Amino acid sequence: MHDYAVLFVDLRVVSMKAALNKDFAYAMTPMKILSWPVGTWPLQDYNIFSAMRVIITSCLLLLMLTIVQSEMYLDSNDAEKNLDALVILSCGILAVSKVIRFRIRPAALILNFTSAVEDYNELRDDEKRVIVRKHAYMARVTSVSMIFFAYFSSILFITVPMLAEKEEKNVVNVTEESTSEYPIPSENVMALVKIPENLYFFVFIMEYLMLLFTSTGNLGSDSLFFGITFHLCGQVEILKLDFKRLKIESERTREHFNVLTRRHIYLINLANMLIDTISSILAMQLFTSCILICTSGLQLILALSIGNIVMVVKTFMVLTALMVQLFAYSYVGEYLRRQMEGIADSMYFCNWYDIPKSVTKDIIYVIMRAQEPVFLRAGQFLVVNMETYTSIIKTSMSYLSVLRVMVNG
């Protein structure tokens, strides 16, 4: 009978470990797929191979920025091409900034992801497992939404030149110059360096890879940040559950309470480290998002006015990707603040009236600390939340109205 009991316990432990491994893979695999190719995956070995991935990504992005900037200088009269160039240029700057930032200063991400590994190893409660799984699902939905629009936009940047080239073959009187021969605006640059025609397909593929690295470096890095932030919010929710379950035995209440308060301080420090990591880049992100929403909206209006369906679809996807990215940052900032402030509510609804008076006095300090909000900040001066999202959208629409009037006038 004893052997059967031991066997049952062993099988239960194995089953629990398998479930935890599945949960960990469910949460971390999407983030690893998006960050490992560009060398920013925090749990990787920081060796020469990971450094080479960062160098290759950075070189491709910098080359793309050079090409697009040179193209805008060589041909400043084509408004449609310059608007595309502005979008690519802004997204490329954000991508290379995030990749370099996450590589040069990875300490906050490494500590947060290492903590996440420990959280999964110590997860034993089914109710807590549901909470962690829910936040992993939230991270997945956010990542898939952003990456879908970004990659689909990259595909459209390839489709437009192909369709334009097909249309040119059906027109008798066409000029030798074309505004849409490559995925990124680069026709004049290629003519300047005299790229042979037999290398057209190679250049085409390289430029598409540049667009993919731009999407991965920009929105892929965002997915890495959102994923670990959602996990942190899940740990805060678990902490709230532990506070509500605070034991009322006089012998162990103090010890249990001290463990929970130390956990609270630890999670606050993790959150502040993440905020410091993304703060400077987030200021640039909000500024460029406001500009790109205006320019993409104007491009969408112009495409609708001339009936260019392909350009309408491409611009709409780019505009949607920008809106989704901005909404994701705002929602994550709002959610993180609410989760941290919820610690005070969980303390209030625990059985504090049955707890020893010495511990009850300390609960007041925990409530006071929890009421100090943990904000996601851009440049340490602008709070990023849903109110910020609404404000940026209103400002962008106002500028877009002015641009539309100027164009029509």
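At what angle do helix 3 and helix 7 pack, and how far apart are their axes? In this predicted model, helix 3 (residues 79-104) and helix 7 (residues 200-244) pack at about 55°, and their axes lie 8 Å apart. Axes here are lines fitted to C-alpha atoms, for helices over the stretch in contact, with angles running from 0 to 180 degrees between N-to-C directions. Helix 3 and helix 7 are therefore oblique to each other; angles under 35 degrees count as roughly parallel, over 145 as roughly antiparallel, 65 to 115 as roughly perpendicular, and the rest as oblique. Their crossing is left-handed, that is, the near helix is turned anticlockwise from the far one by less than a right angle (clockwise would be right-handed). On the helix 3 side, the residues making the contact include Ile88, Cys91, Gly92 and Phe102, while helix 7 brings in, among them, Leu211, Thr214 and Asp222. Contact means heavy atoms within 4.5 Å. Sorted by class, this contact has eight nonpolar, five polar and two charged residues. Ala, Val, Leu, Ile, Met, Phe, Trp, Tyr, Cys and Pro count as nonpolar, Asp, Glu, Lys and Arg as charged, and the others, Gly among them, as polar.

Now for some single residues. Val87 also sits in helix 3, and it is buried, with a relative accessible area of 5%. Buried means under 20% relative accessible area, exposed over 50%, and partly exposed in between (1.4 Å probe, protein chains only). Leaving aside residues up to four places away in sequence, Val87 touches Leu292, Ser296 and Val318. Val87 and Val318 are 231 residues apart along the chain, yet their C-alpha atoms are separated by 8.5 Å. Lys194, in the loop between helix 6 (187-193) and helix 7, counts as exposed at 70% relative accessibility. Lys194 isn't a glycine, but it has a positive phi of about 60°.

Zooming out, the protein has eleven helices and two strands; these are DSSP runs numbered from the N terminus, helices being H or I of at least four residues and strands E of at least two. Buried residues make up 50% of the 409 residues.

What about confidence? The average pLDDT (the predictor's confidence in each residue, from 0 to 100) is 82, and 87% of the residues score at least 70. Over residues 1-16 pLDDT stays under 50, and the model has two contacts there beyond four places in sequence.

Residues are numbered from 1 along each chain as its sequence is written, and side-chain values use heavy atoms, leaving out hydrogens and water. Local features need pLDDT of at least 70 and side-chain atom pairs count only at pLDDT 80 or more, while totals for chains, interfaces and linings use all residues.
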